[in-house]
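Me: Could we go through this structure together? I would like to begin with a single residue and then widen the view.

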Amino acid sequence: MSVETSLDRQKILKDFSKDVITSSKTIKGIFDNPHENISAGGEVPFSIQECYVLVETSDVTDVGQGSTLTILDSNYVVTDVQPDGTGMTTLMLEAQ
């Protein structure tokens, strides 16, 4: 069961979000593009960027793997859709 309401989620998105342009509309989402350290068992460490955007699930019913989004004037392809069961969905992205 979700602790926050849709209104709570909208407040969070209002304060921290960026515009996310889908093929059909512009929505709000919290975008992050962190580096993730990877351990491949060798002696040379490396990292990759794993960008994602957190959005309201109801805003992305028409977005799936392979969809193209524009965030901060950059294009991304959705590689995974991860709804969390509380009304929010994380879209994993690959820069184009």
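**Notes on the chain**

Me: What is Glu94 in contact with, leaving aside its neighbours within four places in sequence?
Reply: Glu94 is in contact with Cys51, Asn75, Tyr76, Val77 and Thr79, where contact means heavy atoms within 4.5 Å.

Me: What should I know about the source and the numbering?
Reply: This is a predicted model, in which local features need pLDDT of at least 70 and side-chain atom pairs count only at pLDDT 80 or more, while totals for chains, interfaces and linings use all residues. Residues are numbered from 1 along each chain as its sequence is written, and side-chain values use heavy atoms, with hydrogens and water left out.

Me: Which strand holds Glu94, and how exposed is Glu94?
Reply: Glu94 lies in strand β8; strands are DSSP runs (E, at least two residues) and helices are runs of H or I with at least four residues, numbered from the N terminus. With a relative accessible area of 46%, Glu94 is partly exposed. The classes are buried under 20%, exposed over 50% and partly exposed in between (1.4 Å probe, protein chains only).

Me: How far is Glu94 from Leu7?
Reply: Their C-alpha atoms are separated by 30 Å, and the two residues are 87 apart along the chain.

Me: And Thr90, buried or exposed?
Reply: Thr90 counts as buried because its relative accessibility is 18%. Thr90 is also found in strand β8, which spans residues 88–95.

Me: Which residues does Thr90 touch, beyond four places away in sequence?
Reply: Thr90 touches Tyr52, Val53, Leu54, Asp80, Val81 and Gln82.

Me: Turning to the fold, what are the elements of the chain?
Reply: The protein chain has 1 helix and 8 strands, running α-β-β-β-β-β-β-β-β from the N terminus.

Me: In what order do strands close into a barrel?
Reply: The barrel has 6 strands in the order β1-β2-β5-β8-β7-β6, with antiparallel pairing; two strands pair if DSSP finds at least two bridges between them.

Me: How do β1 and β6 pair?
Reply: Strand β1 (residues 18–21) and strand β6 (residues 68–71) are antiparallel over 2 bridges. Val20 stands opposite Ile71 in β6.

Me: How much of the whole chain is buried?
Reply: Of its 96 residues, 26% count as buried. The C-alpha atoms fill a box of roughly 50 × 30 × 25 Å along the principal axes.
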